[in-house]
Amino acid sequence: MISVVVVDGFSSGKFVAKGLSESGCRLMHLASSGELDSYYYKGFDLSLYEQMIVNADYAATLASVERFKPQFIIAGAETGVLLADLLNEHLQLPYRNDIRQSTARRNKYDMIQCITQAQLPAARQFVADTWQLAEGWIDDHGRFPVVIKPLESAGADGVFICDDVRACQVAVGKLLGTTNKLNIANTQVLIQEYLVGVEYVVNMVSLIGQQLVTEVVRYQKQRTDIGGILYDIDELIGSDSPEYDLLVDYTRAVVSSLGIRNGPSHAEVMLTEDGPKLVEIAARTDGILRPDVSRQTTGLGQIEAMVLSVTAPDVFAQLLARPFDYRLLRHTYNVCLISHADGRFNKDSFLEELLKLESFFDAVFYVEDGQRVGVTQDVFNQPGTVYLVHADPKVIAADSLRIRVLEVQGAYLAAW
């Protein structure tokens, strides 16, 4: 029986854990900290795990992990990446990544520096711990907008797109001295050139340095009034799309330069007029993925590919040997909900409307029925995600627009 330690099995990591459990693995859950935001524990299933421990002291954590005798240690969410790397290196497990690039897989400044040193195209950037330093670089850069964000965060947490110096000063003020959703202190901010183009996600699973591409997704995002970022629509594209090879070839080089040899990678890449440039990358599965959606759309998504790389490496090798990465069986949108008003969440009335949509497949809500919902300001208070799947992309596009109309009408909100 394969023994696996899952560090922070949250977000899509809970589906990885479920897949490993269903494949007969015995699991230990390791929480990287006792102070993680409660957001991460939504939907967490502790019944999957034989043991549960919390990291408070590394020596004690290492001793507990060693007693479990794992063959694999994996990160389920962004918060678990560094600890998983450290434990893998200490135990010298084969399914690990290059420890020399460990911080570059989390620290966004180091990340871009690393790929720049590998001679890959990247955004100009600067790191600052005071507004005075930040202002100096912004003045020298001489172009707006610019992006200001934490060095270590996830999703769009703390990301601001700023159109002038005043907006930059406000963004820096909001970040410095605060703690982000990963429970990491923002002692510095990252300032980057704003990349103009279309943003994509390229998801892969690596095994011994060979990468299997599982999804390439076209992003649509919205900006808030204060320059924050909201997720809007994720659209899966086919491997026959004209931009596919360009994006994949670039991302393969990024993954290699950052020492990701085993396990998942979730890269956000901007396709600019000068070609692809990395926004950021994470050494974990894409948080919005659902295995049942992937089975409908490609037959195999990143989560199930990740499980195969651990439990059936011979089958995974067969997938790598295919002349294609994946085939688009059906089209899909992930529609991220954006609330425009305050109210109580009314699940039943909204589901009644969603079930009328021809392409409706599933909905995942991040709030409970009757819970207060406010105006959406960031990814962490988006009320949920609606998954649309259909053979005709026009049907999906029309249904996604219908969801936005329902939101404006307050379809999932009841008055207080």
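**Entry 1. Charges over rings**

I began with arginine 26, whose charged end sits over the ring of phenylalanine 68, 4.1 Å from the ring centre. I took a charge to sit over a ring if NZ of Lys or CZ of Arg is within 6 Å of the ring centre and within 35 degrees of the ring normal. I also looked up arginine 327, which lies over the face of phenylalanine 324 at 3.9 Å from the ring centre.

**Entry 2. Basis of the entries**

I note that this is a predicted model, in which local features need pLDDT of at least 70 and side-chain atom pairs count only at pLDDT 80 or more, while totals for chains, interfaces and linings use all residues. Residues are numbered from 1 along each chain as its sequence is written, and side-chain values use heavy atoms, with hydrogens and water left out.

**Entry 3. Helix α4**

I examined helix α4, residues 108-117, and found Lys108, Met111, Ile112, Cys114 and Ile115 buried. These residues lie on the same side of α4, because they cover an arc of only 155° around the axis; the arc is that of the directions from the helix axis to the C-beta atoms. An α-helix has 3.6 residues a turn, so residues three or four places apart point the same way. Helices (H or I, at least four residues) and strands (E, at least two) are DSSP runs, numbered from the N terminus. Buried means under 20% relative accessible area, exposed over 50%, and partly exposed in between, with a 1.4 Å probe and protein chains only.

I then asked what covers the buried residues of α4. The cover includes β5 (125-128), β6 (146-150), β8 (189-193), α7 (244-257) and β13 (275-282).

At the start of α4, I found a side-chain oxygen of asparagine 107 within 3.0 Å of the backbone nitrogen of tyrosine 109. Just after α4, glutamine 119 takes a positive phi of about 65°.

**Entry 4. Lysine 108**

Leaving out residues up to four places away in sequence, I list Gln125, Lys149, Pro150, Leu151, Ser153, Leu190 and Glu280 as touching lysine 108. Contact means heavy atoms within 4.5 Å.

**Entry 5. Strand β6**

I found β6 mostly covered, with five of its five residues buried. β6 pairs in the antiparallel sense with strand β7 (residues 160-162) over three bridges, and valine 147 has isoleucine 161 in β7 as its bridge partner. Two strands pair if DSSP finds at least two bridges between them. β6 also pairs with β8 in the antiparallel sense, over five bridges, where isoleucine 148 stands opposite isoleucine 191 in β8.

**Entry 6. Strand β14**

I found strand β14 (residues 331-336) mostly covered, with five of its six residues buried. Three bridges join β11 to β14 in an antiparallel run, and glutamate 235 has tyrosine 333 in β14 as its bridge partner. Six bridges join β14 to strand β18 (residues 384-390), again antiparallel; there the bridge partner of threonine 332 is valine 389.

**Entry 7. Isoleucine 226**

I located isoleucine 226 in the loop between β10 (210-223) and β11 (229-236). At 52% relative accessibility, isoleucine 226 counts as exposed. Isoleucine 226 touches Phe160 and Lys174, not counting residues up to four places away in sequence. From alanine 167, isoleucine 226 is 59 residues apart in sequence and 7.8 Å apart in space, C-alpha to C-alpha.

I traced an open sheet of three strands in the order β17-β15-β19, with antiparallel pairing. Its edge strands are β17 (372-373) and β19 (413-414), each pairing on one side only. Two bridges join strand β15 (residues 343-345) to β19, and arginine 344 has alanine 414 in β19 as its bridge partner.

I searched the whole structure and recorded 12 aromatic pairs. The rings of phenylalanine 345 and tyrosine 412 have their centres 5.8 Å apart and their planes at 50°, so this pair is tilted. Phenylalanine 345 lies in strand β15 and tyrosine 412 in the loop between α12 (393-408) and β19, so the pair ties together parts that are 67 residues apart in sequence. Both phenylalanine 345 and tyrosine 412 are buried. Rings of Phe, Tyr and Trp (its six-membered ring) pair if their centres lie within 6.5 Å; planes under 30 degrees apart count as stacked, over 60 as edge-to-face and the rest as tilted. I also noted that ring pairs link Phe10, Tyr41, Phe44 and Tyr49 into a cluster.

Methods:
A polar contact is a pair of N or O atoms within 3.5 Å; within protein, one must be able to donate a hydrogen and the other to accept it, and residues adjacent in sequence count only if both atoms are side-chain atoms.
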